[in-house]
Amino acid sequence: MAVTSSRRAEVTLPEDTQILITREFDAPARLVYRAWTTPELVSRWWSGDRGTVTSVDIDLRVGGTWRFVMTANAGFEVAFHGEYREIVPAERIVSTDVFEGMPGAEAVTTITFAEVDGRTTVRMLVQHATQEHRDAHISSGMEDGLQGSLDLLEKVARSLR
């Protein structure tokens, strides 16, 4: 039987305008990256069982855009979008990140995938323009949804072996 990660994502606030999310996955970086960047796979994990993903658009190139939409279990729509600024396959993605319910609060997210012995540590550094935007992000309940999404992400990445 394969061992899965028993760790939850660690969420820290390194600076007044930053959120750092770190999580280890029992899967190689190429598979975690593939699950992160393939629309059909994103639709299997992004909602974190908090709703139904209705749309995943990914134009995975520098200058390309992404947009994820779900209908939450409570019946309302949740959508995020952004533009890719840097892509190093299976190593790093830098993109803007906009919650469409708060369009003036664009953040820049840097995601790194670091593999050791077939396990991958993903670090997501979310850089907000202001502490107010960072605090709104934290108080939105994002951590609970994030934990569920990343648990499903691990299952999807492992299924690609």
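What follows is a working chat about a predicted model of one protein chain.

Trainee: What are we looking at, an experimental or a predicted model?
Mentor: A predicted one.

Trainee: How many helices and strands does the chain have?
Mentor: Four helices and eight strands.

Trainee: In what order do the elements run from the N terminus?
Mentor: The order is β-β-α-α-β-β-β-β-β-β-α-α.

Trainee: What radius of gyration does the chain have?
Mentor: It has 15 Å. A compact globule of 161 residues would be near 15 Å, so the chain agrees with that.

Trainee: And what box do the C-alpha atoms fill?
Mentor: Roughly 45 × 35 × 30 Å, along the principal axes.

Trainee: What share of the residues is buried?
Mentor: 45% of the 161 residues count as buried.

Trainee: Charges next. How many positive and negative side chains are there?
Mentor: There are 17 positive and 24 negative ones. The centres of the two sets lie 6 Å apart.

Trainee: What share of the contacts comes from residues 24 or more positions apart?
Mentor: 46%, counting contacts with a separation of 6 or more.

Trainee: Is H4 enclosed or open, and why?
Mentor: H4 is largely enclosed by the rest of the structure, because 13 of its 18 residues are buried.

Trainee: Pick a residue in H4. Is alanine 157 buried or exposed?
Mentor: Alanine 157 lies in H4. Its relative accessible area is 0%, so alanine 157 is buried.

Trainee: What does alanine 157 touch?
Mentor: Leaving out neighbours within four places in sequence, alanine 157 contacts Ala27, Leu31, Val32 and Ala35.

Trainee: Which residues of H1 are buried?
Mentor: Ala29, Leu31, Val32, Tyr33, Ala35, Trp36 and Thr37. That makes seven of nine, and H1 (residues 29-37) is mostly covered. Leu31, Val32 and Ala35 are also among the contacts of alanine 157.

Trainee: Over to the strands. Where is tyrosine 84, and is it buried or exposed?
Mentor: Tyrosine 84 lies in strand E5, residues 77-88. At 5% relative accessibility, tyrosine 84 counts as buried.

Trainee: What does tyrosine 84 touch?
Mentor: Beyond four places in sequence, its contacts include Ile58, Leu60, Val62, Trp66, Ile93 and Val94. Asp59 and Arg61 are also among them.

Trainee: And how far is tyrosine 84 from valine 108?
Mentor: They are 9.7 Å apart, C-alpha to C-alpha, and 24 residues apart in sequence.

Trainee: Loops now. What is phi of alanine 90?
Mentor: Near 65°, a positive value in a residue other than glycine. Alanine 90 lies in the loop between E5 and E6. At 21% relative accessibility, alanine 90 counts as partly exposed.

Trainee: What about phi of aspartate 117?
Mentor: Aspartate 117 has a positive phi of about 55°, and it is not a glycine. The residue is found in the loop between E7 (107-116) and E8 (119-128).

Trainee: Is aspartate 117 buried or exposed?
Mentor: Exposed, with a relative accessible area of 77%.

Trainee: Last one, alanine 105. Where does it lie, and what does it touch?
Mentor: Alanine 105 lies in the loop between E6 and E7. Alanine 105 touches Asp97, His128 and His133, not counting residues up to four places away. At 9% relative accessibility, alanine 105 counts as buried.

Key: Residues are numbered from 1 along each chain as its sequence is written. This is a predicted model: local features need pLDDT of at least 70, side-chain atom pairs count only at pLDDT 80 or more; totals for chains, interfaces and linings use all residues. Side-chain values use heavy atoms; hydrogens and water are left out. Helices (H or I, at least four residues) and strands (E, at least two) are DSSP runs, numbered from the N terminus. The radius of gyration is taken over C-alpha atoms; the globule rule is 2.2 Å times the number of residues to the power 0.38. Buried means under 20% relative accessible area, exposed over 50%, partly exposed in between (1.4 Å probe, protein chains only). Contact means heavy atoms within 4.5 Å. Lys and Arg count as positive and Asp and Glu as negative; His and the chain ends are not counted. The place of a charge is taken as NZ of Lys, CZ of Arg, CG of Asp or CD of Glu.
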